[in-house]
Structures are given as C-alpha cells and as structure tokens.
Amino acid sequence: MLLETLNHHQVIPNYFHNEASSTAASLLQPFSIKLFSILSLCLENPYKPQYNGGIIVNPDLQNGSQGWAQFANAKVDFREFGGNKFVVARGRNQSYDSVSQKIYLEKGLLYTFSAWLQVSKGKAPVIAVFKKNGEYKHAGSVIAESKCWSMLKGGLTIDESGPAELYFESEDTTVEIWVDSVSLQPFTQEEWNAHHEQTIHRTRKRGMRIRAVNSLGEPIPNATISIVQNRLGFSFGCEVEKYILVNQAYQNWFTKRFTVTTFANEMKWYSTEAVRGKEDYTTADAMLRFFKQHGIAVRGHNIVWNDPKYQLSWLSSLSGNDLYNAVKRRVSSVVSRYKGQLLSWDVVNENLHFSFFESKMGPQASYNIFALAHSIDPRTPMFMNEFNTLEQPGDSASSPARYLGKLRELQSIRVAGNIQLGIGLESHFNTPNIPYMRSALDTLAATGLPIWLTEVDVQAPPNVQAKYFEQVLREGHAHPQVKGMVTWSGYSPSGCYKMCLTDGNFRNLPTGDAVDKLLREWGGLRGQTTGLTDADGFFEASLFHGDYDISIAHPLTNSTASHSFKLTSDDSQPSRFVVHKEMKNFNNGFFPSMLFLLICLVYTGLANDPFSHSHSLKTECIMKPPRSIAEQELILLSHSDEDDSDLEWEIDENGAIREMAQRIQLQKGIIYSFSAWVKLRGGNDKKVGIVFRSESGRLVHGGEVRAKQGCWSLLKGGIVPNVSGPVDIFFKSEDREAKISVTKLSLKQFSKKEWKLKQDQLIEKIRKNKVRFEVTYNNKTAVKDAVISLKQTKPFFLLGCAMNFRILQSEGYRKWFASRFAITSFTNEMKWYTTEKVRGQENYTAADSMLKFAEENDILVRGHTVLWDDPKMQPSWVENIKDPEDVKNVTLNRINSVMKRYKGKLTGWDVVNENLHWDYFEKMLGVNASSRFYNLAYKLDPDVTLFVNEYNTIENPGEVTATPVKVKDKMEEILAYQGNENIKGAIGAQGHFSPIQPNLAYMRSALDTLGSLGLPVWITELDMPKCPNQAKYIEEILREAYSHPAVEGIIIFAGPEVSGFDKLTLADKDFNITETGDVIDKLLKEWHQKTSDIPNIFMVDHENEEEDVSLLHGLYNVNVSHPQIKNLSTSLCLEVTKEIGPRQVVRVVINA
C-alpha cells in the first residue's frame, strides 16, 4: 500500500483593506497573521480604517466633524497634513478630555476595534474607552508617539445592548491626542467560531493523502484505514502539586490527557530553601522523575518571584552583597540542577507588576538574573511571565505595550549567545474579553517569539465558568503564535487555586468536561480517524499535528499492515520516507503480497523568501516550481495551490497577465518583496523583468531574470514605495515579441523593523560562529570560575573607505582615517590618466606615498583601476590615437607597468572599469578586448583578485545596461575565455545611490543574482548625494550588504570635509563627526573593524559545563585566567571562520 501525506494549505488571503471587500474576506481581519507587524509600526501616514470603519461614522475624517464631538473639556480641531485628515483633542486638563463618537452596541456581538493615534510631543500611553450606562470599558491601549502614527488594536463585548460613547484617554494631559482611521467591527459568535476553524486548519493541521497498492503497484479499493493519534502535537497541560505522587487515580487521570505540566510550588524558592543554606529538592526531583517516565514535559516555575509577599523571611532581611550572593546561589543552584531537563523557565515571575529585586539590587536586577540563568542553561527558553496582559485591558502595568518594552530590554542579553526568550501570559480570567485577548496576542506576536498561556483559569459563577474557560482555550489554540497552554487547575486535597477540573474522586466537573471536549476535537484521548480507500486506492484526511499509528486492512483477506508516523508544523524542510510492509496472511494464497509506502512530502516556500540564498533556485531552470506556502504571502496572485497544479498565465504584448487584472495597494515605507516563476514559450533565452506601474503612469522596475524556453526560472525583486497608493504589476522583456508565461506570483510585505530583524538573524548565521570554550585541568576536571577574555585583532569582513591625495597633505585626515579603516581604494591616484599624463612619462609618486601610508597603518588596498572603458576617461593623449595597433601597444604597456609595480601589494584590481556601460577598448581592439586584458593581468599577478566593476547594478532597478544578469554574464564571459579559467574573479557593484529611499528588496535580489556565480561580491564605491535622510539610507544600504552572504566587503566613497568628498562627508573641517559619520563609526564598532575587546567577558561558572559565545569571523587573542589562582593565566590565538562550521570548540588545558 502507498500512503502519501501532503501539505494541504488552504489559501486564505489576509489583506489589510483600504476599500470594501467581500464579507468573507473582511471577516478574516481579526485573525490575520499578516497584521502582527503593523502593530509595531509607527508610520508617517496611517492606513485606511479596517472594514471601512465598520459602524464608526466618518472613520477617516474625510467629512470633517461629522460623527465626532468634544468629550469633557477638550478643545477639538479637525486638521489636514499632507493630504491626510484627522481630529485633534487639545487643551486637555483631565485624562479624559478628548474627542468622542456615540455608537450603539449590541449584546452577543464581538467587537474588534482599531485606531491610529499620535501625540503632539514625546511618547504617551493612550487608551480607547467605551462609556456605557456610567461604566467604562477599556478596549485597548498603545504607546503613541509624536511625528508618526501608531495603531491601537483592541476589542470588547458588552452585557446588554444600548448606546455607548467612544473616547480616548491619556494620563499625560500635556499632550494633544490625534486620532485617525478608527474602526469598530461587530462579529457574531458563529462568524468568530468559523474563523477559528479556518486559522486552525492553516496552523494546527496537515492534509494527508493515502494510497493503498499491492506489490504489483495496483490500487486496492475499499481497504480499511484506521488512524489513531497517540500524542497531541500542540502542547496542552495542567499545573500539578506534589499530591499527584501519592494518588494513583490522579496519576491515571492526568497522564491520559496532558503532554506538559508546571509545578505549582515545588520548584519555587520558598519550597526548596525554607531555611537559609539548607536546600531540599526532594519533592521537585521526584515529580520530575515521574513526569519524565510518562513523557510529559515540565515548565520550570519559577527561578525567583518579584512579588515581595512571596519572599522568605530570611531573604527579605538581606541587603547589599548578602542579597546579591543569595540570589546568585539560588539561580545557579536551581538552573544548573535542572539544566536541559525542562521545556522552559519562568525566570523573574511577574516583574512588571512587582519589583522586589529591583528595589534591593537596582533597576537591572531582572536583566542580570535573566542573563545569569541563560549563561547556565543557554538552550532552554527563558520566559517572562505576567498576569492581566490578556485579561484586563485597563491594567496599564502589564499592558502589551509595557510587556514589549521589558522584552526589548532582555533581548539585548548577549551572554553565551543570543538569549532565547518566550512570552508567558498567565491568563487568570474573570469574564473574558475575547476580542481584546485576540488583539493583545496579535501585538505580542509581532515579536516572533513563542507565546504560552501559562496559568489559565476562570473565576466566574458556576453556570458560566466552563463556558468562559472553553472560550479562552479556543482563542489561545486558534492563534498561530501560541505554542502551548497550561491550565492552573491541578487538584489538591486543600482545594484548587480558583478552578478545579475534577472532584476528589477524579470525576470531571463541567470545566473538566470542557477540557475533554477540546482534547477530542484536537485529536487527543487517542482520537481515531477511519475510512475506506476509493476506487483508485486513495484516502484523504486532515489531521492535527501529532504522533499517529496507522493500520490498513485488506478488504478480501485478514491481512493488515501498520506503521507509526508524526505530523508537525515544520514545513521548512522537505522530508520523505518510504516504508514497505508485506502482509503475510493470505487466503488460499491467491492474493499477491500487499505492501504500503508512507511518503511524507513537504514543499518549501523558498521561492517566496527574500532572505533565502539557495543560489541553485535562483540560477537553475527547473521543470516544476516549488509550491508556494500561501499563508506566508501578503498577496498570492495565483489559484489555489492545494492540488499543486501547474496553472500559469500568458503575458500579452503590453506585459499584462491575460485574464487577470489585480491592483495592489502599497504603503509608503513598507518593503515589498516580489517573486514569480517565468518561462518562455518559444525562442532563445531572454531577460524578463517585473515592473510596477502607479496610477500616474510612473514605472518602477523591480527585478529581472534570464528566462528560458520549456523550464521555469525564478524572478525575484521588489519595491519600496515613496508614496502610498495602488499599483499594477507588469512584465517586460528585452524582446517585445517574446512569449512569456508566469506562475506562482507573490508579493510579501515587511516593515523596516521586520526587515532589520531578518538581517540580524542572517548576520548571526553568516558572519558569526558559536564558540565553546572547555577549560580543564590535566585530569580533565573543569576549572570552575575561569575567566575568558577575548580581543579581536582582525576582522574577516571589511568595511573600508576610499582616500585621495589630500590625505598626504593633512595630518588630521591621516589620523582620522587610520583610527577607523582596515581597507581602502584610491579614487584617482592609480588611474592611467593620473600616472601617465604625458605619453611615456609615468609618475606614481602620489599612489606610492598613499600605499606607504596604508602599509604603515595595516590598511589593505584595492587597486582602482588598471583600465577604464569610458572613452572620456582615457589620458588625453590616448584619446588622440586613431591607430588601433598603437592603442594596443600603449594599453599593454600600461597593464604591464601598473600590475608589475604593485604585484603582491594589493588585495584586488578593477581591471577594465565599467566595461558594460562603455566599450572604448572593444571598439578599438575587438569584442574580446576585456577578456584578453584580464588574461594578461592574471599572468602578471596570478594571486590577486580581479574584479568586474559596474554602477547601477544594485542601486537602480531601472538600469538596462549593467543589470545584475548582464554583469553576471560579463563575468562568465571573461572566465570562459581561454586561459582565464583559474582567475580569482570577483564582482564589484559600485553602489552610487540616489538621494531617495533605497529599494532594499531589489538590492537583495540583485545581490542574489550576482552571488549566484559563487564569486566574492564587493560594494566598491558606495555613496549618495546629500539629503535629509542620508544617514538613515546609508545605514540601511550597509546593513543590507552586510547581511548578504555573497558580500565580502564594502568600500564607501567618503571622507572628512578636508578630503573633498562632497557627497558623503563624514566629518567637518575640525573633524567633528557628522550624522552620517556617526552611522559609519557605529557600524565600524559593531562589526569590529579595528582591534577591540569583546564585551562578553564571561566565566565558566559551573562544573563540567562550557560556555558558548557568538563571535564575528576573524582573528582573536584569547586569555584564560582565574580570579583566585594568581599563577593561572594562559593566552592563545583563535581563528573564527565560516569554513570551520557554525560551531567551534576551543579546549584549554591548565597545567596545575
């Protein structure tokens, strides 16, 4: 029998609506995982209101004051800026002085709320409040900022229908509150539940297709399929106390249901060290052993608790060093004891509401405790754990915005590598506000961190408790970023905390029935799926993630086959396994041996990921494109991929897709990454590009690829709009007659923060290694408390700066330069028109002096240039030569002269500069002139890297001459020339950017194409004309290049004012650093471009354990010492390089 499990992703578009859409599509809004990032943005202009405002009148203020009124004593203005209209509450003396709108709310509906807010100065919390019958219901809050718009997302339900009034409140009465794009959208419970099912289908389930065949490959109809789920894939559990160790009935009830647990008190400090210095982990150890035996994971709860009333009396009396040492001992003791055995740690419990340790140890107490715990157990996620973040919209102490602020502090921890953080939400509800809960989860999900509901219970009247409890669990389970839930309802003879699931005889209460009901829905309690194969031997099912047993019975015999398999949410890697099972029991021997194969086939979404770097996909032409993962896309311009069909569109003569016209709304400042698979239906290879056309007719080129006949090539690119508005997508080709087909188009959006996060993740992967230090004595025992100090002496990635002859005239310029840069190139001093102004009279004085200065200061030099193909950039006497033979002779003399003079002294040479834009030597000496010059340069200096160097390749998507594809083709042409196969080739992309927002998505796709040859890529002449945002744009470009694995170095064309660089001026005439200079200095420090001490001075702090540290590739001096052993000190040199692999182990043996 053949069994196939396939990913069946339902295509559900999640648009951020700017206009009315179908009810079905718009109802998906509260569940749109694409909106997570919006919640963390602060935009120049707000988005249009969701659902066109829902029941809000005049939601975008286009009709002036209609629907809006003064609330309390505020003064209300209606303003317009840059075409955007909004309302302002000013002159505020009370927190509730505001602007308002009256509405009618209905009982039984769930309302999602959103608004875009700004304050007139600084930052201030702003709350959305609904006043009804003298009561005030908070619907959500946001930290609003000045000069940009932030989205407040929330929601509410009400107990009885009636009129209400919406207004906005801020305790900071000195600020004006600006309001725009307000939306209040009602949903019925049926609609809300339907959307749960859609989200669950996408995020919690996988499609499985089974085919049963006999040993001859013939299908077997009517075979009986039985699939039993043995274990939930979604982590779901319950808190327990030690009573479970002595009650068999409790054990049976618990282990049958749950996959994870948390100990209520048994790991807490007040349980393990009731008397100072006398630790007792007996109970916690016994409980951990029990749950390990039953395959139930344990969350560590907790290392310390910040609530002062839960501190031991002996601890509360401590201060200063005594308290510090006690805390350090506690963290070291409990974390090292359970290292690697727990699912996660609640580190400083409830450190938003309480601050016991901060009051005693300073404001960095939580940070330091997290850092210490992480250094001891770096592979276990460290959670914040708080209450009321989901439960109470009015609790400002633990609002989602406050929670994110504390998370940002902790994310900077860099001990033993980046800390793995998690979001713990206790979820102690009374009457749950489900729409607000969803909005809070959305806000926190923008971090990309795992979210757990850690202590779920409901304190409510018995007639509604189970109902509310089920609502909360369903809401958590339906959210894609929630990775697990633990209820706080473990049984104890002394009673449960707020809610029990069973009575004392372990018979379910209504809340326990709710748990069992959900477990059965989610496949738990050994849920079973059965059915028969169809006439072709197929059986299909949609199954929750988890562990399964499958059994297949033949319809005519007693023969059966069985196997175990796992379905997970991890679609990132393709997996395939085949299992043959012969069925031995035959009736009368007539039935051929029956077998089945279990094939688990998952397609990657690689084509849609701008940060993937599988060069084979970008350069190969394949017969069938990979499937798209629909839920990852902002817009998927294709039919459903569920059947993995090869639907394609043909392009008409205008570049539009036949039978389809889709206008896409783009937002200013958002980065849009585009991908599509294209092929030609006839003819030779052609370049095919993507073009975005605005309403005004302006064309923005987004990327290109060389397409071929009969197979599919991946086209990647993108756009960063300078203005918001609709665009149409078109395709272009260098041949207007080319017949193009396209399939699997996608457009993916990123905020600047999301893009930066992706860059940072890539940098960790491509620029750094994890290094583990093992420090032992000769007898192999660990040296406790050894201190390891690191100093980077040489970086492998280089950020350099060009220089010119003025550096020889200014001591200040030389000092400024030498203190910063490790590589340079000379702007003009090595060029032919500088070194041989008169024929036969060579003068290398300036170049030699500059090279000497560089060598004296350990600065590497790129040679720029041997030749330049621009006819205007030849020495004047060369321009006057008309005889090709004479041009040949003087050119060969030039190559010989400059290459021999600097042989072995340079890291690379731009051999024939800009030989795509220009063709002086090709016109004079033939089409192979460049290839021949590279050949000669290689023979003269075979060890130096030889560059093709062009402009507009990464900086201008509209370029037609030196596109990424053409630069790649030119490099391939040079390397294919006879005798050039061993050249150390490289690609130089100059990077002369315009003074506008750089198109980072296009730049990344261009670097993908250039990098597809596997040769080094350098940004060789980066600059930008002066503009208000120059510093910001330059930083974005530099980070984009640094985060691309093909890029090995960057040279900026810049300098202090005295240097004469008039575009990128990094310091004024007195060498005071400019704003752009600050950016460069920041990155030089961040990327360790000069010798620098690594801030991570850390200690091997626990026996037989080693520390990991994330180090940039480069050379290091390492010193090992000990604070208490005076003679223990040793030094060594360390090379950290990608060739060694992502992890290195350094073993240091101390002779003592």
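A disulfide here is a pair of cysteine sulfur atoms within 2.5 Å. In general, such a link is a covalent bond between the sulfur atoms of two cysteines.

This is a predicted model, in which local features need pLDDT of at least 70, side-chain atom pairs count only at pLDDT 80 or more, and totals for chains, interfaces and linings use all residues. Residues are numbered from 1 along each chain as its sequence is written, and side-chain values use heavy atoms, with hydrogens and water left out.

**Disulfides**

By the sulfur rule, the count is two disulfides. The table gives both.

| Pair | S to S | Torsion about S-S | Handedness |
|---|---|---|---|
| Cys-42 and Cys-148 | 1.8 Å | 90° | right-handed |
| Cys-496 and Cys-500 | 1.8 Å | about 110° | right-handed |

The link of Cys-42 and Cys-148 is right-handed, with 90° about the S-S bond. This pair connects distant parts of the chain, 106 residues apart. Cys-42 lies in strand β2 (residues 42-43). Cys-148 sits in the loop between β9 (135-145) and β10 (149-156). Helices (H or I, at least four residues) and strands (E, at least two) are DSSP runs, numbered from the N terminus.

Cys-42 is partly exposed at 26%. Cys-148 is buried at 11%. Cys-496 is buried at 18%. Cys-1027 is buried at 18% relative accessibility, whereas Cys-1133 is exposed at 66%.

**Strand β37**

Strand β37 covers residues 713-719. Seven of its seven residues are buried, so the strand is largely enclosed by the rest of the structure. In a regular strand the side chains alternate between the two faces of the sheet. In β37, Ser-713, Leu-715, Gly-717 and Ile-719 point one way. Leu-714, Lys-716 and Gly-718 point the other way.

Strands pair if DSSP finds at least two bridges between them. Strand β34 (residues 671-680) pairs with β37 in the antiparallel sense, over seven bridges. Val-678 stands opposite Ser-713 of β37.

**Helix α10**

Helix α10 spans residues 400-410, and its buried residues are Pro-400, Tyr-403, Leu-404, Lys-406, Leu-407 and Leu-410. Seen down the axis, they fall within an arc of 165°, so they line one face of the helix. The arc is that of the directions from the helix axis to the C-beta atoms. The buried residues of α10 pack against α9 (365-376), β20 (382-386), β21 (421-425) and α11 (434-445). Contact means heavy atoms within 4.5 Å.

Definitions and conventions
Buried means under 20% relative accessible area, exposed over 50%, partly exposed in between (1.4 Å probe, protein chains only).
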